[in-house]
Amino acid sequence: MKLTAQQQQALADRLFEALKRGQGIDPPSNTIDYDFEDAYQVRRRLVDRLIAAGGRPKGHKIGFTSEAMQKMYGMTGPDFGILLDNMFAPEDQPVRVTHLSNTRAEPEIAFELARPLEGAGLTVPDVLAATACLRAAVEVIDSRVGAMKARANDSLADNAGAGWVILGKTALRPDQVDLTALTLSMDVDGQHQAAPATDVMGHPAAPLAFLAGKLTELRGLGGHLKAGDIVITGAPVRSVEVKSGSRLHAGFGPLGAIDLTFI
């Protein structure tokens, strides 16, 4: 840890104001020497401010879980952010992005937990056994720290760019979906992509096993995985810019499809 508590709070406050204004800032690591321990503390302080402003913890997002996304952003492994209830938008209404600073969309699988999940060394079967249902999801990333110019500690401090999450209506038990045979596709304004769900760490449930271990290691600093939580585990395809006027169609096989317009 390189920053004092005051410096960590100052950076968290800066990120909070950037989020509220919808105006990004340069990657903090350009001018501040801070490490991952600092970044976790800054993220915790940022999320605490968001909770004080009215949000309630509802789950987590896991990012950079596929080679496509890691190469796109220059990352070497996954990170994660904390999702609040006011980050979830309805599927049947236009998604407002004009108040955000750097918006990109990606298709993901959402896991709703039936019971708490924690501990190191968990497996994909452990995760599936703890899952109540699976849903299609589209995440709209809102990077406040320069997106592809940011370093890994910047992304962590920025709560992994958590913006919007839109869930599909279809909910299936894990035994009703073969995630190893599932392909996710996304069309945004004429740009088409598709990739196997297994491009996410070999199985879409694997990032959740990683997260359970990481949260145990952090001893509450990153929150907990509780019954009823929603966890999105990353995209097998590259994220695509969305702006006011954009249209998106994402396909998830038996989990249905999500169609969105952005304003």
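How much accessible surface does the chain have, and what share of it belongs to carbon and sulfur atoms? The accessible surface comes to about 10900 Å², and 49% of that belongs to carbon and sulfur atoms. Such areas are calculated by the Shrake-Rupley method with a 1.4 Å probe, and for residues only the protein chains shown count as cover.

Before I continue, a word on the basis of these values. This is a predicted model, in which local features need pLDDT of at least 70 and side-chain atom pairs count only at pLDDT 80 or more, while totals for chains, interfaces and linings use all residues. Residues are numbered from 1 along each chain as its sequence is written, and side-chain values use heavy atoms, with hydrogens and water left out.

Let us take the overall fold. The chain contains six helices and twelve strands; these are DSSP runs, with helices being H or I of at least four residues and strands being E of at least two, numbered from the N terminus. The C-alpha trace spans about 50 × 45 × 35 Å along its principal axes. Of the 263 residues, 56% count as buried, where buried means under 20% relative accessible area, exposed means over 50%, and partly exposed lies in between (1.4 Å probe, protein chains only). Among contacts with a separation of 6 or more, 78% join residues 24 or more positions apart, a contact being heavy atoms within 4.5 Å.

I turn now to individual residues. R96 sits in the loop between β3 (88-89) and β4 (103-113). Because its relative accessible area is 42%, R96 is partly exposed. R96 touches W164 and I263, leaving aside residues up to four places away in sequence. In sequence, R96 and I263 are 167 residues apart, yet their C-alpha atoms are 4.8 Å apart in space.

E112 belongs to strand β4. With 24% relative accessibility, E112 also counts as partly exposed. Beyond residues up to four places away in sequence, E112 touches several residues, including T131, C133 and G228. E112 and G228 are 116 residues apart in sequence and 5.9 Å apart from C-alpha to C-alpha.

Finally, the aromatic rings. The whole structure holds two aromatic pairs. One of them is formed by F64 and Y73, which are tilted, with 5.3 Å from centre to centre and 55° between the planes. Rings of Phe, Tyr and Trp (its six-membered ring) pair if their centres lie within 6.5 Å; planes under 30 degrees apart count as stacked, over 60 as edge-to-face and the rest as tilted. F64 is buried at a relative accessible area of 10%, and Y73 is buried at 9%.
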